[in-house]
Amino acid sequence: MTVLEDARRVLAEDPICDACVGRCFAERSFGLSNAERGRALRTAVALEDDEPYEEPEEPCWVCEGASGRFDEFADLVVEAIEDVSFDTYQVGTRAPPLVEENETMLRDVAGLDEDAGELFKSECNREVGKRVGDRTGAEVDFGRPDVLAVLDVRDETVEVTVNSAFVYGRYRKLDREIPQTKWPCSDCNGTGTLVDSPCPHCDGTGFLYPESVEQLTAPPVVEAMDGSAESFHGAGREDIDALMLGTGRPFVVEVEDPQDRHPDAEELQEAINDYADGKVEVEGLRVADYGMVERVKELDARKRYRAEVEFDAPVSDDDLQAAIDELDGETIEQETPNRVDHRRAHLVRERDVYDIEADLEDDTHATVEIEGEGGLYIKELVSSDEGRTNPSLAGLLGVGAEVTALDVVAVEGEAEAFEDTEYLH
């Protein structure tokens, strides 16, 4: 059958508007709107049949007139999002159930495939979306837009979802008594109360540690973006008693329901550093996309550490350097350390030591610098963790060894930098 024969059967179901006709043939002749496509088919059928060209006088029974209201629907959406800060958007549609039923019925009685062309919902998304873009100057994003507006055609309402905004940077942790993220109290589940009284374990704060990198950096970001809440994402984490120095650790603060997506980065950086009061410092702040969260959490990283080591028996410099030479470039087998075995799966991991150097300060103290693959447990590489790490510095020396102070001095991507301009503004 030809397209005109199919169109003739669709038109026989008058009254039907041009857009509803055209939607049945939406896969034909790109570059036309469905209304233009339907009008062209109505004209072609009239010419071929040598009949007068007539448009329906009564309202379309399929869409009930909704196909002619895209400008009105766009007005509803623009009004609903006019107070929202956004650069990208997406429009969705809830079509009236009766319209969806009518579309199915039309294709059935006209002898068309049930999935022929496209449905009103799809056309409404596109046509209203184009108008919203023209009126706001924003760009459509079918992945993760700043704002999603779902139009309910029957109720003539718009449901608005404002997606999170993100700020990327690097932090240095300068205090050995704060964790990276909030640490809710396990006794009271973070509520701060037990049986209507302050929890004795956390002194009623709800947290085992009163401060964290998250709590010292995120509040100024939430305030600057006029958001409602936050989440903190780091490229790994250091131990609570370890410092994060050097160029810092990559992190992203995610802000929910932001009303301002474009804070001044320099002012924000200054605000965070003032707020953290010397316990944490940040640098390199940039507004980021959601993709930066995945990059920070998933990009393979190499890390460099500086460890102050104490031996429980005298060690010579020759013996120390010989042990260091054996560890340099070695693949280390590590069982899950005793200190974290209660909260992590018991596994045997293999991690590479890329570079290791040591300076003996006296016969029982040394400074060791280690660069290794992400996930390498440094304290256990030194101590052996009762033989659970092999080889280890303690095992090679034949003496007990303990890390008394640990600093992370670099966190960088294995094959590429964390700072990818594709995700940064």
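Guide: What follows is a short walk through the fold, and please keep in mind that this is a predicted model.

Visitor: Okay, sheet first. What is the strand order in the open sheet of four strands?

Guide: The order is β2-β1-β3-β4, and the pairing in this open sheet is mixed.

Visitor: And which strands stand at the edges?

Guide: Those are β2, residues 139-140, and β4, residues 157-162; each has a single partner strand, so one side of each is left without a neighbour in the sheet.

Visitor: How many bridges join β1 to β2?

Guide: Two bridges join them, with β1 covering residues 88-94 and the two strands running parallel. Within that pairing, Y89 has V140 of β2 as its bridge partner.

Visitor: Which helix lies across β1 and β3?

Guide: That is α6, residues 120-136, which runs at about 145° to β1, while β3 itself spans residues 147-152.

Visitor: Let's stay with α6. How does α4 pack against α6, in angle and distance?

Guide: Helix α4, residues 70-81, packs with α6 at an angle of about 60°, and their axes are 9 Å apart. The two helices are therefore oblique to each other, and their crossing is right-handed. On the α4 side the contact includes F70, F73, V77 and I81, and on the α6 side it includes F120, C124, V128 and R131.

Visitor: Now α7 and α8. What is the angle there?

Guide: Helix α7, residues 213-225, and helix α8, residues 265-276, pack at about 140°, with their axes 8 Å apart. They are therefore oblique to each other, and α7 passes α8 in a right-handed crossing. Among the residues making the contact are L216, P219, P220 and V221 of α7, together with L268, I272 and Y275 of α8.

Visitor: Changing topic: which peptide bonds are cis?

Guide: One of them runs from D14 to P15, with omega near 5°, and P15 sits in the loop between α1 and α2. Another joins N390 and P391, with omega about -5°, and P391 is found in the loop between β15 and α12.

Visitor: What about phi at V195?

Guide: Phi of V195 is near 50°, a positive value in a residue other than glycine, and V195 lies in the loop between β6 and β7. Most residues other than glycine have a negative phi, and most peptide bonds are trans.

Visitor: Last one: where is T364, and what does T364 touch?

Guide: T364 is in the loop between β13, residues 348-362, and β14, residues 365-373. The T364 side chain makes a polar contact with the side chain of H365 at 3.0 Å. Leaving aside residues up to four places away in sequence, T364 touches V309, E310, F311, A313 and P314.

Note on methods:
Residues numbered from 1 in each chain as written. Predicted model: local features only at pLDDT ≥ 70, side-chain atom pairs only at ≥ 80, totals over all residues. Heavy atoms only, no water. Pairing = 2+ DSSP bridges. Contact = heavy atoms within 4.5 Å. Axes fitted to C-alpha atoms, helices over the stretch in contact; angles between N-to-C directions. Parallel < 35°, antiparallel > 145°, perpendicular 65-115°, else oblique. Left-handed = near helix turned anticlockwise from the far one by under 90°. Polar contact = N/O pair within 3.5 Å; in protein donor to acceptor, adjacent residues only side chain to side chain.
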